[in-house]
Amino acid sequence: GHLILQCFYSSPMLIPLVSCRMMELTFEFGFCEDTISGLVFVSHALLQYSDDILFAARIGRIAESLINGNICEHSLRAKLTQMSTAKILVEPFQISVDQCLSGYNSAKIVGDVDNAMMCGLLYCVAYFFSIPNLKGLQQYMIKFFEQMAKHKRVNVLYSLMSYFDAVTALIGNKDSCSIDASIEMKTINELYQTAVQIHSTYLLHHVIITQMNVFCYLREYILIADLVETYQRMHASTKNAGTKRFLDFYFIFFEGISALCLARDTKQEKWRQIGEQSVRTMSQLVEYSPWNFENKLCLLQAELDYLNHRHKMAEAKYLAAITSAHNHRFFHEEAMAREMYGIYLVENKLAVRGIPQLEMALDNYKKWGAVRKVDSLKEFIELVHLSVESYCLGHPTHSRN
């Protein structure tokens, strides 16, 4: 059990070999506590190296059922929560928030500081992507900062700082006065430089994915392209090249959205190809979990249809993305879909229909707490209103109609 945990952090390529050996020993000598660890890591290995997500999730569920009620339940949950990633791709992503909190509480009960801090980080990560409440998340992060700094868990502290930076970038307020003065906060650029200097692809992954999230909502798509190139170059040069992270599907989504928008703006074929690949990959993920991926696929397809001038199909896909995001409780992603649909309508001289979509997106962003995004979208809506009024003044017949 201890050996495979070391492999997880230092030599991920050994996980399939060691986990299979653990299962062989179980068949030979019988069930024990390490059997559960072996099952979790078999699930993890299947996800990482075979893309058999459904089988990985089934193995993970078996392990989870064995943890519940086990005499060592809390210690097992504490150390295995961060490896139980297959279910996140199959079950509603919002469930992972409670899963990570449960892992954190179990770790605190048994005094496992390292895994408590890791589960605390994962709780904030899951909250960031699935719960539309940025202000509430900001307060949770500040509490975890204090614990991580107290126990000197610098690696998880830096990773959490990248999410704090993303939250404050969307809110537009650092709220630094409520952070303990003894905690040395780092900017996102400093975190990036730290990741590069210590060759930490784990920290770099968090820095990149949070920045991609912010740039996607702020529609700064060329910056996303730069981030993707940087991350792929660094990841390819490490011993962990070829391994996947459980948030890679957001990487695919943000890269695809940015590429399709850039393809439309620049007419460059390379962006189209990246966007089309994102659609293909997301189509595969939808088969495992429509709840998590349907809205993302529909929005990617809508942008691709817009690029290809298939306007009826584009409208249908925008509406499908909005409905799916709302039904599956990704309300901030519903806001993005409504905004992109509204922009599509405005750009195609249907501003009268586009403005209500933009205003509904604005309401969703307000509920999310993304004040900076609200301000920028307000400015855009005002410009659209002015252009409509100007057009109506110049075309009085259209105004009366």
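**Reading loops, helices and cavities**

Mentor: Helices here are DSSP runs of H or I with at least four residues, numbered from the N terminus. The model is predicted, with local features needing pLDDT of at least 70 and side-chain atom pairs pLDDT 80 or more, while totals for chains, interfaces and linings use all residues. Residues are numbered from 1 along each chain as its sequence is written, and side-chain values use heavy atoms, leaving out hydrogens and water.

Trainee: What is the phi of Lys349?

Mentor: Phi is positive, about 60°, although Lys349 is not a glycine. Lys267 also has a positive value, near 65°, and lies in the loop between α13 (248-266) and α14 (269-288).

Trainee: Is Lys349 buried or exposed?

Mentor: Buried means under 20% relative accessible area, exposed over 50%, and partly exposed in between, with a 1.4 Å probe and protein chains only. Lys349 counts as exposed because its relative accessibility is 78%. Lys267 counts as exposed too, at 67%.

Trainee: How many residues of helix α5 are buried?

Mentor: Six of the eight residues in α5 (residues 73-80) are, so this helix is mostly covered. They are Glu73, Leu76, Arg77, Ala78, Lys79 and Leu80.

Trainee: Which residues make the nonpolar surface patch?

Mentor: A nonpolar patch joins side chains of Val, Leu, Ile, Met, Phe, Trp or Tyr within 5 Å, from residues with over 30% relative accessible area and no salt bridge (a Lys or Arg side-chain nitrogen within 4 Å of an Asp or Glu carboxyl oxygen). Areas come from the Shrake-Rupley method with a 1.4 Å probe. Here Phe31, Ile62 and Leu66 form a patch of about 270 Å². Ile62 belongs to helix α4 (residues 53-67) and is partly exposed, at 43%.

Trainee: Which helix gives the most to the lining of the second largest cavity?

Mentor: α4 does, with five residues. Among the lining residues are Val40, Ser43, Arg61 and Met83.

Definitions and conventions
Helices (H or I, at least four residues) and strands (E, at least two) are DSSP runs, numbered from the N terminus. Patches are made of residues with over 30% relative accessible area and no salt bridge: like charges are joined within 9 Å, nonpolar side chains (Val, Leu, Ile, Met, Phe, Trp, Tyr) within 5 Å. On a 1 Å grid over the protein atoms alone, a cavity is a set of points where a 1.4 Å probe fits but cannot get out, and a pocket is an open set with protein on both sides within 12 Å along at least five of seven lines; lining residues have an atom within 4 Å of a point.
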